Amino acid sequence: MSQNMKKTIGHRGIDPTGETTYKKTTSSALKGAIQLGITHTVGSLSQKPERDVLMQDFEVVESIFFPSEGSNLTPAHHYGDFRFKTYAPVAFRYFREMFGIRPDDYMYSLCNESLIELSNSGASGSLFYLSNDDEYIIKTVQHKEAEFLQKLLPGYFMNLNQNKRTLLPKFYGLYCVQAAGKNIRIVVMNNLLPSSVQMHLKFDLKGSTYKRRASAKEREKAVPTYKDLDFMQSMQEGLLLEGDKYNAVCKTIHRDCLLLQSFKIMDYSLLVGIHNLDQAREQASEEAVAGAADQRRPQGQKSLYSTAIEAIQAEAGMGSLDTEDKTGGIPAWNSKGERLLVYIGIIDILQSYRLVKKLEHSWKALVHDGDTVSVHKPGFYAERFEKFMCNVVFRKILCKFILSISIKKKQNFLGTPLYHLTQTIFDSLVTFFPHVSSKCFLPSIPAMQSGRPDLLPKNTPSNAVGQTTETAASSSLGKPVFTPTSQPPPQSEDTSRSVGVDLYNTFSREQ
């Protein structure tokens with residue numbers, strides 16, 4: 001155990017034997033209590049008839065005592081006496097059913113094999129456990145967060161009924177383990193980052209710039225969780241998405257931000273995991289490890305709407321990425337043209353703008369620019385968050401980028417006759433992006449149908465100065481080719497510029 005891990009963070013600590021503790025309860029005892037409690041509560045709930053959720057169901061708390069010697073309702077165990085509480089069991093059963101999670105699958109995922117403790121506890125000192133099948137995350141939460149989630153449940157229920165596709169956390173259960181006089185509250189959520197996919201980069205983004213840089217200790221980790229300033233420095237061009245994917249991401253973020261604002265929630269983050277397909281293919285050994293992990297989960301995640309591509313209401317087809325990905329990553333590119341799979345989700349939504357947060361914002365605003373700190377009023381926070389994600393983090397891919405990547409990856413088109421250049425561009429566009437609409441070149445299509453692929457369908461002004469004259473020639477295929485015989489006019493004076501000349505000049509500058 002390293003010296004860095006021995007420091008207590010919040011309620012999380014290390015006992016003399018080196019085992020993780022939470023409120024002085026060992027991690028192994030906590031995991032055992034969680035599995036015993038969930039097994040009992042799911043089993044007993046399955047005996048009750050299904051019905052519609054009523055308002056009073058959100059306030060129900062069921063409790064069962066687990067003595068170490070066992071009872072007529074509970075088995076014997078070696079974790080010490082504890083009490084297990086289940087909050088709103090009928091309501092959460094309905095939530096699980098909405099996402100296609102059957103009771104036996106839920107219980108099997110969480111209780112059949114030992115839970116996996118994750119090393120990254122975060123700044124709050126929470127404990128994180130991962131189910132063995134990679135489906136669920138179990139997180140310890142503070143009393144105020146659990147209390148806020150209880151109050152949030154009716155509105156959360158209404159939102160899920162209206163829209164199951166969301167980047168917000170999907171809560172599947174809220175429980176409490178009472179042991180050694182302490183209450184340990186836990187929440188079960190969907191897992192955003194599949195373990196079967198290697199994450200080459202990971203970011204926790206808020207849209208704030210005040211102290212939003214990964215610490216030196218965090219950077220020492222194998223896969224650090226970087227922050228806003230790190231993203232702005234290392235990925236200045238952002239994550240490039242096709243038009244439909246970009247629109248779907250921004251639409252989903254906008255809708256979720258409106259909901260969070262209505263509940264006066266702030267200080268949430270967008271968790272972004274990036275898998276670099278091109279980089280992964282160059283690492284054969286890591287591909288073999290990933291393939292072994294995929295054999296464990298060949299069908300991807302079982303719950304509905306749990307992947308990033310489903311959450312943003314986009315088609316799952318990967319288009320030009322040419323991969324059989326079943327983990328639901330969003331296809332993207334970086335500025336180098338490398339192909340990426342992006343996994344995203346909004347996390348840490350259980351922070352309301354209470355008095356403590358108001359005081360925290362007021363204090364930080366005195367010593368720093370108030371608009372840049374992470375703690376802010378919900379309305380301003382939501383607007384800043386949305387703008388940062390849709391203007392800095394995610395950007396719509398441009399045809400110019402598509403064509404430049406086509407050139408870099410295929411061949412040098414400079415010097416090619418303009419007609420063939422235009423035709424080759426269309427061929428490359430279809431090859432690399434079969435799902436991209438021809439709207440990128442919509443102005444040039446009528447001109448091509450008229451036999452002049454290099455001219456925009458626009459009348460030439462009679463007083464244009466220094467117009468380009470073209471000489472028609474015949475190619476070996478019998479198609480007309482137009483070769484410029486004089487220098488093109490300045491951009492500010494000519495409104496009938498040749499599409500071929502524009503593209504030719506663009507490629508010349510980039511080359």
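Biologist: Among contacts in the protein between residues at least 6 apart in sequence, what share join residues at least 24 apart?

Modeller: That share is 68%. Please keep in mind that this is a predicted model.

Biologist: Thanks! How many helices and strands does the protein have?

Modeller: There are 16 helices and 19 strands.

Biologist: And what percentage of the residues are buried?

Modeller: Buried residues account for 49% of the 511 residues. The protein exposes about 25,200 Å², and carbon and sulfur atoms supply 52% of that area.

Biologist: Let's talk sheets. In what order do the strands of the seven-stranded one come?

Modeller: The order is β4-β5-β9-β10-β8-β7-β6, in an open sheet with antiparallel pairing.

Biologist: Why is one side of β4 and of β6 left without a neighbour in that sheet?

Modeller: β4 and β6 (116-118) stand at the edges and each has a single partner strand, so one side of each has no neighbour in the sheet. On average, neighbouring strands of this sheet are turned by 25° against each other, direction ignored.

Biologist: Which helix packs on the sheet and touches β6 and β7?

Modeller: That's helix α1 (residues 27-46), which also touches β4, β5, β8 (136-141), β9 and β10 (182-190). The direction of α1 makes about 55° with that of β5. Helix α4 packs on the sheet too, touching β4, β5, β8, β9 and β10, and the direction of α4 makes about 150° with that of β9.

Biologist: Can we zoom in on the pairing? How many bridges join β4 to β5?

Modeller: Six bridges join β4 (residues 61-66) to β5 (residues 82-87), and the two strands run antiparallel. Phenylalanine 66 stands opposite phenylalanine 82 in β5.

Biologist: What about β5 and β9, how many bridges there?

Modeller: Five bridges join β5 to β9 (residues 171-179), again in an antiparallel arrangement. Tyrosine 87 has leucine 174 in β9 as its bridge partner.

Biologist: Which residues in α2 meet α4?

Modeller: Phe92, Tyr94, Phe95 and Met98 in α2 meet Leu153, Tyr156, Phe157, Leu160 and Asn161 in α4.

Biologist: New topic: why is β11 largely enclosed by the rest of the structure?

Modeller: Four of the five residues of β11 (residues 201-205) are buried, so the strand is largely enclosed.

Biologist: Does β11 pair with β12 in the parallel or the antiparallel sense?

Modeller: With β12 (residues 225-226), β11 pairs in the parallel sense over two bridges. Phenylalanine 203 has tyrosine 226 as its bridge partner there. β11 also runs antiparallel to β14 (residues 269-276), joined by five bridges, and aspartate 204 has leucine 271 in β14 as its bridge partner.

Biologist: Last one: in what order do the strands of the three-stranded sheet come?

Modeller: They come in the order β1-β2-β3, forming an open sheet with antiparallel pairing. β1 (12-14) and β3 (25-26) stand at the edges. Between β1 and β2 (residues 20-22) there are three bridges, and glycine 13 has threonine 21 in β2 as its bridge partner.

Definitions and conventions:
Residues numbered from 1 in each chain as written. Predicted model: local features only at pLDDT ≥ 70, side-chain atom pairs only at ≥ 80, totals over all residues. Heavy atoms only, no water. Pairing = 2+ DSSP bridges. Buried < 20%, exposed > 50% of the residue type's maximum accessible area, 1.4 Å probe, protein only. Contact = heavy atoms within 4.5 Å. Areas by Shrake-Rupley, 256 points an atom, 1.4 Å probe, with all protein chains shown as cover. Axes fitted to C-alpha atoms, helices over the stretch in contact; angles between N-to-C directions.
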